[in-house]
Amino acid sequence: MISFRHEVFFEVANHLSFTKASQVLNLSQPAISRHIKSLEEQYKTSLFERVGNGIKLTLPGNLLLDHLRQAKEVQIRLSYALSTHQDEYNAKGELRLGASTTVALYIIPEILSAFRQKYPNVRITLLNRNSENVLKALGNNEIDLGIIEGQTKTTSVSYRYFLSDEVIAVCSPKSELWFRESISLEELKNYPVALRERGSGTLDSVKAALAEVNMKISDLKNNISLGGTEALKNFLLVDNCLGFLPLRSVQKELASGTLKQILIEGLHVQRQFYFIQRHGSESDPFGQAFVRFALQGHNNAL
């Protein structure tokens, strides 16, 4: 088993911050420092060095971190194997998930609930961020499994297809488009448009769809971007802007008549969601169990 001193080192190394490590572990900073000093005495080498107002790992520190990551993977698999020796229901451990907004709010809650019933002793945490920040969280070892929109060129991550989704243009009765069913691509340039923030998978999907018809975001009358699907939806409910939102996120509003879909001729915004894991951690038992569970009937388009 990995010692508590090593757990302390692991948190400091991942955050490169004694302060953040103390918050995560609920320890005082002096206690964190004592554990690190004890490890340095044990290994007879410095594990961190000061750089300005921050710290960075020394070469021995990086070496220790790499081996600890491997050891934690083995420990997780061993714990899973032993706890499920007689019955999978008894599996004990932790599943740290990260998901882009659409998935976290509209897709995964039902799956998480069913998964928790099957694995009641597994502690589950869910980080809700845009796709760019979920990818960063995976790289920083804050999560073990992520779900994001699309694929990037990041070579340290493995991808597995999850499901497809559609992004549609909607407006409220405050918009002059309310009495229209559709508009042309040229007309789209004439109406105010509200969009998601940079780093959002929804925004990236809109950009990609516009590129296919030789248009850019700069061709639109856009002077407002909002962070989060719910923020954008609530804004559209009280404003005259047209906005692009996942179909899954506006089903209730479309049914109640508070928002309306406006078809844009020749523009179809489709996106795919993928499970992401760090290369080398694909055998994580809890991550793999969740992926298998989620794909049982959930990997189809809306």
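Residues are classed by relative accessible area as buried (under 20%), exposed (over 50%) or partly exposed (in between), with a 1.4 Å probe and protein chains only. The structure is a predicted model, in which local features need pLDDT of at least 70, side-chain atom pairs count only at pLDDT 80 or more, and totals for chains, interfaces and linings use all residues. Residues are numbered from 1 along each chain as its sequence is written, and side-chain values use heavy atoms, with hydrogens and water left out.

The chain has 302 residues, and 47% of them are buried. Its secondary structure comprises 11 helices and 13 strands; these are DSSP runs (H or I of at least four residues for helices, E of at least two for strands), numbered from the N terminus. Taken along the principal axes, the C-alpha atoms occupy a box of roughly 75 × 55 × 30 Å. Of the contacts (heavy atoms within 4.5 Å) with a separation of 6 or more, 74% link residues 24 or more positions apart.

With residues up to four places away in sequence not counted, Glu7 touches Ile2, Leu25 and Lys72.

Two asparagines have positive backbone angles. Asn26 has a phi near 60°, a positive value in a residue other than glycine, and is located in the loop between α2 (18–25) and α3 (29–43). Its relative accessible area of 70% makes Asn26 exposed. Phi is likewise near 60° at Asn214, which is not a glycine; this residue belongs to the loop between α8 and β9. Asn214 is exposed, at a relative accessible area of 73%.

Helix α9 (residues 229–238) carries the buried residues Thr229, Leu232, Lys233, Phe235 and Leu236. These residues lie on the same side of α9 because they cover an arc of only 160° around the axis, the arc being that of the directions from the helix axis to the C-beta atoms. In general, an α-helix has 3.6 residues a turn, so residues three or four places apart point the same way.

Pockets were identified on a 1 Å grid over the protein atoms alone, a pocket being an open set of points with protein on both sides within 12 Å along at least five of seven lines, and lining residues having an atom within 4 Å of a point. The second largest pocket has a volume of about 380 Å³, where volume is the space filled by probe spheres set on grid points joined across faces, edges and corners. Its lining consists of 20 residues, with Glu149, Gly150, Gly201, Asp204 and Ser205 nearest the centre. At least two lining residues come from each of α6 (131–139), β5 (145–149), α8 and β13 (269–278). Helix α8 gives the most, with six residues. By residue class, the lining has five nonpolar, 10 polar and five charged residues; Ala, Val, Leu, Ile, Met, Phe, Trp, Tyr, Cys and Pro count as nonpolar, Asp, Glu, Lys and Arg as charged, and the others, Gly among them, as polar.

Helix α8 (residues 201–212) also contains Lys207, which is partly exposed at a relative accessible area of 39%. Between Lys207 and Leu254 there are 47 residues of sequence separation and 24 Å in space, C-alpha to C-alpha.

Strand β13 contains Ile276, a residue that is buried at 0% relative accessibility. Beyond residues up to four places away in sequence, the residues touched by Ile276 include Val134, Leu135, Leu138, Leu145, Ile147, Ile148, Val157 and Tyr159. Ile276 and Ser46 are 230 residues apart in sequence, and their C-alpha atoms are 34 Å apart in space.

No disulfides (pairs of cysteine sulfur atoms within 2.5 Å) were found in a search of the whole structure. The sulfur of Cys171 has its closest cysteine sulfur in Cys241, 10 Å away, and this is too far for a bond. Cys171 is buried, with a relative accessible area of 0%. Cys241 is also buried, at 5% relative accessibility.

Notes. On a 1 Å grid over the protein atoms alone, a cavity is a set of points where a 1.4 Å probe fits but cannot get out, and a pocket is an open set with protein on both sides within 12 Å along at least five of seven lines; lining residues have an atom within 4 Å of a point.
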